[in-house]
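The structure is shown first, and the description follows.

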Amino acid sequence: MARLIVYYAHPGHPYSQSNRPMADVAAAVDGITFVDLYRDYPRFDINADVEQQRLLDHDVILFQFPMFWYSTPSIIKEWQDLVLEHGFAYGAGGDKLGGKTLMLAITAAGPEDAYSAGGYQHYPMRDFLRPLEQTARLCEMRFAAPYVLYGSLRASTDGRLDAHVGAYRTLLEAIRDDRYDWDAADDLEIIQAETVPLRGEG
């Protein structure tokens, strides 16, 4: 079994339409660690020692968050600045995260076609995630295709949210149980509810 930790970051959690049910599912899955960063560190006083030990104790590190101005909510950046220290995550002797996997579960308010050369965001989703992808590489981690929900503000009314949340549970359980097909995921730019790759399935 893979040791999976989910870091959840949403400053407006009580008002979230998509991330809140996703977080509820993640917190309820047996055998994984769930951390709500805004709940645990309301003053951003992140305990680097605790967080570094959590990273050492897990194989897959998954951050769940809504896209905020083409990036992460600010607490994730603070977490990165304090936790991914030289000599621990990178640099001389900084190989402690080598061989681990970094994955993202993201919601975006814009529709899928907005994230293209011809859309109003002008770039595909993966382009906005390059800093996180390069962070993984610097830390000698595998960067896995992100699990993405587009049009998140409408997902609860157009019938997509239940499928997305259900597939999120499937994804988390598959990672935990070593049934997630990482190699198949590498062939995908993003993962969506209908494309969660499981071993032994086409």
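## Packing of H1 and H7

H1 and H7 are roughly parallel to each other, a label given to angles under 35 degrees. The axes of helix H1 (residues 19-28) and helix H7 (residues 161-176) cross at roughly 30° and come within 10 Å. Axes are lines fitted to C-alpha atoms, for helices over the stretch in contact, with angles from 0 to 180 degrees between N-to-C directions. Helices (H or I, at least four residues) and strands (E, at least two) are DSSP runs, numbered from the N terminus. The crossing of H1 past H7 is right-handed, that is, the near helix is turned clockwise from the far one by less than a right angle.

On the H1 side, Pro 21, Met 22, Val 25 and Ala 26 meet Leu 161, His 164, Val 165, Tyr 168, Arg 169 and Leu 172 of H7, where contact means heavy atoms within 4.5 Å. This contact of H1 with H7 comprises eight nonpolar residues, one polar and one charged. Nonpolar covers Ala, Val, Leu, Ile, Met, Phe, Trp, Tyr, Cys and Pro, charged covers Asp, Glu, Lys and Arg, and the others, Gly among them, are polar.

## Basis of the model

The model is predicted: local features need pLDDT of at least 70 and side-chain atom pairs pLDDT 80 or more, while totals for chains, interfaces and linings use all residues. Residues are numbered from 1 along each chain as its sequence is written, and side-chain values use heavy atoms, leaving out hydrogens and water.

## Packing of H3 and H4

The axes of helix H3 (residues 48-56) and H4 come within 9 Å and cross at roughly 90°. H3 and H4 are therefore roughly perpendicular to each other, the class for 65 to 115 degrees. Ala 48, Glu 51, Gln 52 and Leu 55 of H3 meet Trp 79, Leu 82 and Val 83 of H4. Five nonpolar residues, one polar and one charged make up the contact of H3 with H4.

## Largest cavity

There is one cavity of 30 Å³ or more; on a 1 Å grid over the protein atoms alone, a cavity is a set of points where a 1.4 Å probe fits but cannot get out, and lining residues have an atom within 4 Å of a point. The largest cavity holds about 110 Å³ of space, its volume being the space filled by probe spheres set on points joined across faces, edges and corners.

Its lining includes Leu 55, Trp 79 and Met 141. H4 gives the largest share of this lining, three residues. By class, the lining of the largest cavity has 10 nonpolar, two polar and no charged residues.

Methods
Parallel < 35°, antiparallel > 145°, perpendicular 65-115°, else oblique. 1 Å grid on protein atoms, 1.4 Å probe; cavity = no way out; pocket = protein on both sides within 12 Å on 5 of 7 lines; lining within 4 Å.
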